[in-house]
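Visitor: Can you walk me through this one? Keep it short, please.
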Amino acid sequence: MTRDEFYMNEALIEARKARDILEVPIGAVIVRHGQIIARAHNLREIDRSPLAHAEILAIDRASNKLKGWRLTHCEIYVTLEPCLMCSGAIYQSRIDRLVYGASDPKAGAVESLFKVLDEPKLNHRVEMKAGVLKSECQTILSDFFKSLRQLKKEQKSKRF
């Protein structure tokens with residue numbers, strides 16, 4: 001198992017926590033000098049907040065732990081390609097490296113819809129790596145949405 005696979009497995013643990021509370025199963029961990037300093041999973045439904053993405057929560061927790069907003073010498077591992085908001089937060093926090101599992105053709109802002117972190121006008125560069133444990137990351141999402149559709153179908157049929 002590679003270093004990137006190890007930390008992506010930790011992000012998948014977070015994604016499973018989200019799934020278990022019926023949140024979209026996305027997990028993130030932030031690593032600094034080989035140690036996980038923050039971890040989070042989606043909490044948008046529970047917190048009733050559009051800001052409660054795994055990446056945003058992990059960045060906030062890491063900033064609190066380091067007592068500053070600059071997350072230099074940090075890497076973030078995320079199970080799904082970050083959206084526009086999260087890509088911006090990764091840039092703003094000065095994270096050095098982003099590793100993600102599955103691409104997001106509907107909302108991805110790293111390579112799918114936008115290439116935010118490749119913008120040459122920005123003054124900070126984020127090293128990026130995609131596709132780490134891609135299959136596992138895609139499977140947890142597709143299984144979740146399949147189960148959610150089935151649950152909604154069952155609830156709908158009970159009403160009639």
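Guide: One term to start with: buried means under 20% relative accessible area, exposed over 50%, and partly exposed in between (1.4 Å probe, protein chains only). This is a predicted model, where local features need pLDDT of at least 70, side-chain atom pairs count only at pLDDT 80 or more, and totals for chains, interfaces and linings use all residues. Residues are numbered from 1 along each chain as its sequence is written, and side-chain values use heavy atoms, without hydrogens and water.

Visitor: Okay. Is Lys67 buried or exposed?
Guide: Lys67 is exposed, at 76% relative accessible area. Its phi is near 60°, a positive value in a residue other than glycine.

Visitor: New topic. Which residues touch the most other members of the largest nonpolar core?
Guide: Met8, Ile30, Ile59, Ile76, Ile90 and Leu98 do, out of 42 residues. Such a core is a set of buried Ala, Val, Leu, Ile, Met, Phe, Trp, Tyr and Cys residues joined through side-chain atoms within 4.5 Å.

Visitor: What is Ile59 in contact with, beyond its neighbours within four places in sequence?
Guide: Its partners there are Ile30, Leu71, Ile76, Ala89, Ile90, Ser93 and Ile95. Contact means heavy atoms within 4.5 Å.

Visitor: Last one. Why does Leu84 count as partly exposed?
Guide: Because its relative accessibility is 47%.
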